[in-house]
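I opened this model to look up its core, its charged pairs and its rings. The entries follow in the order I made them.

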Amino acid sequence: QVQLVESGGGLVQAGGSLRLSCAASGRTFDGRTFPDCAMGWFRRIPGKEREFVASISRTGAIRSYADSVQGRFTMSRDNAKNTVYLQMNSLKPEDTAEYYCAGSTKGVVRGKNEYEYEFWGQGTQVTVSS
């Protein structure tokens with residue numbers, strides 16, 4: 001089983017920046033590990049369904065973003081460190097949410113749906129004050 005642990009959340013003023021990290025460990029039953037996983041970030045805003053934020057392919061060559069974060073957030077990965085990152089700039093109060101890291105061995109590209117991901121972290125809270 002692949003385990004994912006997020007970190008880096010916190011309280012920040014509007015206009016500020018945060019960088020979230022997601023560290024992966026373990027392997028699937030058939031031996032696949034972090035470099036074999038496409039990765040995604042999702043968030044749950046209070047009172048709403050969990051929504052897609054960003055995704056990155058196994059090599060990092062393909063990235064996708066939700067319209068609401070395009071141009072402000074950047075997702076990256078370091079396969080040597082088994083870690084993905086979400087750099088969040090120009091934060092807005094509406095970015096306040098629990099942020100979740102997700103992994104997929106299903107061969108997805110630009111995965112924007114929860115069902116495309118098999119592994120999930122516990123989440124990290126981001127609060128943006130106005």
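Below are my notes on the structure.

**Ground rules.** I am working from a predicted model, where local features need pLDDT of at least 70, side-chain atom pairs count only at pLDDT 80 or more, and totals for chains, interfaces and linings use all residues. Residues are numbered from 1 along each chain as its sequence is written, and side-chain values use heavy atoms, with hydrogens and water left out.

I take buried as under 20% relative accessible area, exposed as over 50% and partly exposed as in between, with a 1.4 Å probe and protein chains only. The core has 34 residues, and those touching the most other members are Met39, Trp41, Met75, Val84, Leu86, Met88 and Tyr99. At least two core residues come from each of β3 (18-25), β4 (38-44), β5 (50-56), β7 (73-78), β8 (83-88), β9 (97-104) and β11 (124-129). Strands here are DSSP runs (E, at least two residues), numbered from the N terminus.

I then listed what Tyr99 touches, with contact meaning heavy atoms within 4.5 Å. Beyond its neighbours within four places in sequence, the partners of Tyr99 include Glu6, Leu20, Trp41, Phe73, Leu86, Met88 and Val126.

**Salt bridges.** I searched for a side-chain nitrogen of Lys or Arg within 4 Å of a carboxyl oxygen of Asp or Glu. The whole structure holds four such salt bridges. One joins Glu51 to Arg43 at 2.7 Å, N to O. Glu51 is partly exposed at 27% relative accessible area, whereas Arg43 is buried at 4%. Arg43 also bridges to Asp95, with the closest N and O atoms 2.9 Å apart. Arg43 is in strand β4 and Asp95 in the loop between β8 and β9, so this pair ties together parts 52 residues apart in sequence. Asp95 is buried, at 1% relative accessibility.

Glu114 and Arg50 form another salt bridge, at 2.9 Å, N to O. Glu114 sits in the loop between β9 and β10 (119-120) and Arg50 in strand β5, so parts 64 residues apart in sequence are tied together. I noted Glu114 as partly exposed at 31% and Arg50 as buried at 18%. Shared partners join Arg43, Glu51, Arg72 and Asp95 into one salt-bridge network.

**Rings.** I counted Phe, Tyr and Trp rings (the six-membered ring for Trp) as paired if their centres lie within 6.5 Å; planes under 30 degrees apart are stacked, over 60 edge-to-face and the rest tilted. The search gave four aromatic pairs. Phe42 and Phe52 are edge-to-face, 5.8 Å centre to centre with 75° between the planes. Phe42 is in strand β4 and Phe52 in strand β5, so the pair ties together parts 10 residues apart in sequence. Tyr117 and Trp120 are also edge-to-face, because their planes meet at 65°, with centres 6.2 Å apart. Ring pairs link Phe42, Phe52, Tyr117 and Trp120 into a cluster.

I last checked for charges over rings, that is NZ of Lys or CZ of Arg within 6 Å of the ring centre and within 35 degrees of the ring normal. Arg50 lies over the face of Tyr100, 4.7 Å from the ring centre. The charged end of Arg50 also sits over the Trp120 ring, 4.0 Å from its centre.

How values were computed: Core = buried A, V, L, I, M, F, W, Y, C linked by side-chain atoms within 4.5 Å. Helix = DSSP H or I, 4+ residues; strand = E, 2+ residues; numbered from the N terminus.
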